[in-house]
Amino acid sequence: MSVNSKQQIIMGVDPGTNILGYSVICADKNSIKILINGVIMLKKTDDHFVRLGIIYSKLCSLIDTYQPLSMAIEAPFFGKNVQSMLKLGRAQGAAIVAGASKSLDVTEYSPRRIKQSITGRGNASKEQVAKMLMTTLNLTELPKYFDETDALAVAVCHYKASKKIAVTGKQFKNWNDFIQANPNKVK
């Protein structure tokens, strides 16, 4: 895969314990190309710890194949079931460790921020996010699972956020790089 220096390869992850969504995009100026979009089906495995190993292994393999420089991951939303939240947090942790072990910059985004970035409304439905992605990325059909769409949305959200860090023609990888280059702009 040939990538020029202005292109960004970004992995988006929608963590889940039954279905985990992933997406890898190549973004260049205002053009976004989907390199891969899919899900990891975990329902067949009863052992939660085996599921975590599958998440880690599959994401590491995708990172090796597509060579993203960053991973954007959706933050878990707060639910009423503490056990479900714990399991979801572990799935998110396995994904984060996969990215960190491959030296990716990992950034977490709230579901509200992702929806705001894609649709302009922080309370948009999954259907609205999917349709907006379909329109803006010229997709011919929607993915089968909303987990795929959510992963794509978090990757696109990260790309849009990274574009906002660009100041006076210089591109920064993250806010820390911007602050180091511009200490006089921080109080």
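**Figure 1. Cysteine 60 is buried, with a relative accessible area of 7%.** Buried means under 20% relative accessible area, exposed means over 50%, and partly exposed lies in between (1.4 Å probe, protein chains only). Cysteine 157 also counts as buried, at 1% relative accessibility. The structure holds zero disulfides, a disulfide being a pair of cysteine sulfur atoms within 2.5 Å. This is a predicted model, in which local features need pLDDT of at least 70 and side-chain atom pairs count only at pLDDT 80 or more, while totals for chains, interfaces and linings use all residues. Residues are numbered from 1 along each chain as its sequence is written, and side-chain values use heavy atoms, with hydrogens and water left out.

**Figure 2. The chain has six helices and five strands.** Helices (H or I, at least four residues) and strands (E, at least two) are DSSP runs, numbered from the N terminus. From that end, the elements run β-β-β-α-β-α-β-α-α-α-α. The chain has 187 residues, and 41% of them are buried. Among contacts with a separation of 6 or more, 59% are between residues 24 or more positions apart. Contact means heavy atoms within 4.5 Å.

**Figure 3. The largest nonpolar core holds 23 residues.** A nonpolar core is a set of buried Ala, Val, Leu, Ile, Met, Phe, Trp, Tyr and Cys residues joined through side-chain atoms within 4.5 Å. Met11, Val13, Leu20, Ile55 and Leu59 touch the most other members. Two or more residues each come from β1 (8-14), β2 (19-28), α1, β4 and α2 (82-101). Helix α1 gives the largest share, seven residues. Another core, of 19 residues, lies apart from this one, and its members include Ala72, Leu133, Ala153 and Ala161.

**Figure 4. A close-up of methionine 11 and its contacts.** Neighbours within four places in sequence are left aside. Methionine 11 then contacts Ser23, Val24, Leu59, Leu62, Ile63, Pro68, Ser70, Met71, Ala72 and Ala155.

**Figure 5. The second largest pocket has a volume of about 540 Å³.** On a 1 Å grid over the protein atoms alone, a pocket is an open set of points where a 1.4 Å probe fits, with protein on both sides within 12 Å along at least five of seven lines; lining residues have an atom within 4 Å of a point. Grid points are joined across faces, edges and corners, and the volume is the space filled by probe spheres set on them. The lining has 25 residues. Nearest the centre lie Asp14, Pro15, Phe77, Leu88 and Lys126. At least two lining residues each come from α2, α3 (111-119), α4 and α5. The largest share, four residues, comes from α2. The lining divides into eleven nonpolar, six polar and eight charged residues. Ala, Val, Leu, Ile, Met, Phe, Trp, Tyr, Cys and Pro count as nonpolar, Asp, Glu, Lys and Arg as charged, and the others, Gly among them, as polar.

**Figure 6. Glutamine 67 and asparagine 138 are shown in their loops.** Glutamine 67 has a positive phi of about 55°, although it is not a glycine. Its loop runs between α1 (48-66) and β4 (70-74). Asparagine 138, also not a glycine, has a positive phi of about 55°. Asparagine 138 lies between α4 (126-136) and α5 (146-164). Asparagine 138 is exposed, at 66% relative accessible area.

**Figure 7. Glutamate 127 is found in helix α4.** Glutamate 127 is partly exposed, with a relative accessible area of 44%. Glutamate 127 and phenylalanine 146 are 19 residues apart in sequence. Their C-alpha atoms are 8.1 Å apart in space.
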